[in-house]
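Here is a short briefing on helix packing and charged pairs. Please look over the structure first.

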Amino acid sequence: MLAFACPVCRRLVTFESSLCLHCASQLGYDPQSRSMVAVQAPGDGPAGAPPPGRARAPADPDRAPAAPAFRCANAQLAACNWTVAAEGELCASCRLTRVRPSDDDPDGLGGFAAAESAKRRLLFELAQLELPVVSWREREGGLAFELLSSARGPVSTGHADGVITLDLDETDPAHRERMRVRLHEPYRTVLGHFRHEIGHYYQPLLLARAPDATERSRELFGDERADYQQAMDRFYRHGAPAGWEQRFVSAYATMHPWEDWAETFAHYLHIRDSVQTAAAYGVRVAGPDVATTDPLPLHSLPARAGEHIAGVLEAWIPLTYALNAISRSMGADDLYPFVLTAAVEAKLAFIDELVRVGDIPLNA
């Protein structure tokens, strides 16, 4: 994630901001320019005009005047801060949602807003990586989200034929923690769910980018043609095999090659996003002032990580040491409870290679 500035006073705001706390300007995120813009609301003056008593920052001569921007029609329902060109439209993120809770389901709608917030962050990163997002409205098999609470009927989180389904109970921290403990998971978030499921969506598209990608994928992740139901039954009956930590990023990744890919892809997005955020905020690690047994110096310069995954990991791993140490100092569990072995790094490098190859054939 990048660091954003208010377009009126140039003070720091967040990706989720709809109001500048310094100059009180109404703000929104413009997915076209990937920046925060001033929002035109019904009855307001010109977009970007500061409220009475507030001063506008000097104009930036390098910035072209922006077209009027309006809030997404889901500004209230989904707490959406993305912008649209005309009043009453849905933004690019909200248009991807095909099913949502009904208006008479207040609990479901609360979870819906939380899920949409995580989805917007996911879509921002996909745009940063230049991974195409083609909506279900544009073609059959295009990306769609169905966000429903299992309190109103059975809902299974997963992906099928371009449709990502999320049980909105996952937006409840208490429910999510119960599930995390029950399934012996070190990490469980709504954004993590979305990153995992989008990995399933992109797997066939990315593998179509290179003629030998499928065979190379099978060498790394295993043969995806293995019976999925049998693999799932085996996993939930016996759990992960002994020594799984040496070859997989998580226990769940051991269930089937499809899940190994999705877990690794989600991890790829975790790392890319976190390193970009660290670089944007100037976070760097100089390393402890004592000798370590680590073969590499424990210093991190995210701003110099570059694009290749090797450079990203060189910045990421020392950063996780520091983040985990700080988290423990707060009496909390490790912020990053994972270990990246050479086998896992090879899988991450393969995904990174495919992401950077070029255009995805959309009819794959």
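Glu125 is buried, at 4% relative accessible area. Its salt-bridge partner is the side chain of Arg195, with N and O 3.1 Å apart. This is a predicted model.

**Salt bridges**

- The structure holds 20 salt bridges.
- Glu125 sits in helix α1 (residues 106-128) and Arg195 in helix α3 (residues 190-207). The two residues are 70 apart, so the pair links distant parts of the chain.
- Arg195 counts as buried, because its relative accessibility is 4% and the cut-off for buried is under 20%. Glu125 has a relative accessible area of 4% and is buried as well.
- Arg328 and Asp334 join their side chains in a salt bridge, at 2.6 Å from N to O. Arg328 is exposed, with 56% relative accessibility. Asp334 is partly exposed, at 24%.
- Asp352 forms a salt bridge with Arg356; the closest N and O atoms are 2.9 Å apart. Asp352 is buried, with a relative accessible area of 0%. Arg356 is partly exposed, at 41%.
- A network of salt bridges links Glu215, Arg218, Asp223, Glu224 and Arg225.

**Helix α6 against helix α7**

- Helix α6 spans residues 257-280 and helix α7 spans residues 309-329. Their axes come within 10 Å and cross at roughly 75°.
- Angles of 65 to 115 degrees count as roughly perpendicular, and α6 and α7 are therefore roughly perpendicular to each other.
- On the α6 side, the contact is made by Tyr268, Ile271, Arg272, Ser274, Val275 and Ala278. On the α7 side, Ile309, Val312, Leu313, Trp316 and Leu319 take part.
- By residue class, this contact divides into 9 nonpolar, 1 polar and 1 charged.

**Helix α6 against helix α8**

- Helix α8 covers residues 342-355. The axes of α6 and α8 come within 10 Å, with a crossing angle of roughly 75°.
- That angle makes α6 roughly perpendicular to α8.
- From α6, the contact uses Asp260, Trp261, Thr264, Phe265, His267, Tyr268, Ile271 and Arg272. From α8, it uses Lys347, Leu348, Phe350, Ile351, Asp352, Leu354 and Val355.
- The residues of this contact comprise 9 nonpolar, 2 polar and 4 charged.
- Asp352 of α8 belongs to this contact, and Asp352 is also the salt-bridge partner of Arg356.

**Helix α4**

- Which residues of helix α4 (residues 213-221) are buried? They are Ala213, Ser217, Arg218 and Phe221.
- These residues cover an arc of only 135° around the axis, so they lie on the same side of α4.
- An α-helix has 3.6 residues a turn, so residues three or four places apart point the same way.
- The buried residues of α4 pack against α3, α6 and α8.
- Arg218 is one of the buried residues of α4, and Arg218 is also part of the salt-bridge network with Glu215, Asp223, Glu224 and Arg225.
- Gly222 follows α4 and has a positive phi, near 105°.

Note on methods:
Residues numbered from 1 in each chain as written. Predicted model: local features only at pLDDT ≥ 70, side-chain atom pairs only at ≥ 80, totals over all residues. Heavy atoms only, no water. Axes fitted to C-alpha atoms, helices over the stretch in contact; angles between N-to-C directions. Helix = DSSP H or I, 4+ residues; strand = E, 2+ residues; numbered from the N terminus. Parallel < 35°, antiparallel > 145°, perpendicular 65-115°, else oblique. Contact = heavy atoms within 4.5 Å. Nonpolar A, V, L, I, M, F, W, Y, C, P; charged D, E, K, R; others polar. Salt bridge = Lys/Arg side-chain N within 4 Å of Asp/Glu carboxyl O. Buried < 20%, exposed > 50% of the residue type's maximum accessible area, 1.4 Å probe, protein only. Arc of directions from axis to C-beta.
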